[in-house]
Amino acid sequence: YQRRVRGSTQLTFGMASQSFDLEKVSADETLKHFLAEEIVPVVRLDVTDAWKSLTKEERLYAAEIAAASWAGAPIVLEQTSSESLGTFKMLQLMFKAYLQNTGFGSEERKKFWESKKGDKNFQRVLQFAVAFYANMGNYRSFGDTKIVPRINASDFLKVVSESGSEAAVSLFHEVKDRLYDVSSKRLELAFGNTSYYNDEVTADDAVFIDGFMKERKLEAWNTRFFKKGEAYELRIASTDKREPQTFDYNGKKVTITYGDFADSLKHVKDHLANAGTYAVSYTHLRAHETKANLVC
């Protein structure tokens, strides 16, 4: 659910998104390692036999658990980077448009994918999409390093445009600069480049808010911390959108706001509760009630 952010690494290389050039990045001995992998194995997970062996109640239970997982996906994306959620939506809309244009029959799909095998730009976008979906964001889940598209922005845009989805094109323009930013600040998740803190938060500020949370017996696992000037805000993820509370701590004011990711968490909680109705035993039911209640 949460990624740890390391604040100690300092990188001194890179280039801004406006000057991104694939040829130059590929030739750079350091930057080339941030490009999306060229060969990414994709394995089909066939659960046909396992699904057939389930009872109706077990299938409904599995469906609700899967729905709860997907309901929480936007939270993972938004916590990874500011551009991850927009990139996810862009890819979804683009692929959906391609399939709608092609047709949803198995033969139509087969012909479509065959026709794209020789399309280098389309394949490069696929490479990025596979890496993005596998890590649920444009930073690797192991190492927190950035996944940069192995294709120039202009060529990526052509692939998105050819899908016919204007919404996908609009989203590409929204995320493009951050997606292609290979300046040193954006190559790893750390202070100044994370959705857990805004850019103003320093390591000293993190120590400060940690002391505040310990004093008030607050856990950090469902919080985000933002700073604007001398104003400190601690956001708590919950379905509860109660009124904010402001406290004085060590000469500074800290405001706690509730309801971060409230809409997504409500869907997670509802699906977990629904899953409990298909529990196979009382113990199983109690386990789901506990899980649902944890999504406060």
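Predicted model: local features only at pLDDT ≥ 70, side-chain atom pairs only at ≥ 80, totals over all residues.

**Entry 1: around Ser82**

I began with Ser82, which touches Arg178 and Ser195, not counting residues up to four places away in sequence. Contact here means heavy atoms within 4.5 Å. Residues are numbered from 1 along each chain as its sequence is written, and side-chain values use heavy atoms, with hydrogens and water left out.

I found Ser82 in the loop between H4 and H5. Helices (H or I, at least four residues) and strands (E, at least two) are DSSP runs, numbered from the N terminus. Ser82 is exposed, with a relative accessible area of 52%. For these labels, buried means under 20% relative accessible area, exposed over 50%, and partly exposed in between, using a 1.4 Å probe and protein chains only. From C-alpha to C-alpha, Ser82 and Arg178 are 8.2 Å apart in space, yet 96 residues apart in sequence.

**Entry 2: the Arg178 pair**

Which side chain does Arg178 meet in a salt bridge? I found Glu83, at 3.8 Å, N to O. The pair links distant parts of the chain, with Arg178 in helix H9 and Glu83 in the loop between helix H4 (73-80) and H5, 95 residues apart. A salt bridge here is a side-chain nitrogen of Lys or Arg within 4 Å of a carboxyl oxygen of Asp or Glu.

Is each partner buried or exposed, or in between? Arg178 counts as partly exposed because its relative accessibility is 27%. Glu83 counts as buried, at 3% relative accessibility.

**Entry 3: helix H9**

I then followed H9 itself. Helix H9 covers residues 166-179, 14 residues in all, and reaches 19 Å from its first C-alpha to its last, close to the 20 Å expected at 1.5 Å a residue. The expected span is 1.5 Å times one less than the number of residues in the helix. I also noted that H9 bends by about 35° at His173. The bend at a residue is the angle between axes fitted to the seven residues ending there and the seven starting there.

Which residues of H9 are buried? They are Ala168, Val169, Leu171, Phe172, Val175 and Leu179. These buried residues pack against helix H5 (84-102), helix H7 (120-135) and helix H8 (153-162).

**Entry 4: Met90, on the H5 side**

Met90 sits in helix H5 and is buried, with a relative accessible area of 0%. Leaving out residues up to four places away in sequence, Met90 touches Phe156, Val160, Ala168, Leu171 and Phe172. Of these, Ala168, Leu171 and Phe172 are among the buried residues of H9.

I checked H4 as well, where Ala73, Ile75, Leu77, Gln79 and Thr80 are buried. Their cover includes helix H3 (56-71), H5, H7 and helix H11 (262-276).

**Entry 5: other salt bridges**

How many salt bridges does the structure hold? I have 19 in my notes. One is between Arg186 and Asp199, with the closest N and O atoms 3.7 Å apart. Both residues lie in the loop between H9 and helix H10 (203-215), so the pair ties together parts that are 13 residues apart in sequence. Arg186 counts as buried at 10% relative accessibility, whereas Asp199 counts as partly exposed at 44%.

Glu233 and Arg235 meet in another, at 3.2 Å, N to O. Glu233 is partly exposed, with a relative accessible area of 24%, and Arg235 is partly exposed too, at 25%.

**Entry 6: the whole protein**

To finish, I zoomed out. The protein has twelve helices and four strands, and its C-alpha trace spans about 60 × 55 × 30 Å along the principal axes. Buried residues make up 41% of the 296 residues. Among contacts between residues at least 6 apart in sequence, 64% join residues at least 24 apart.
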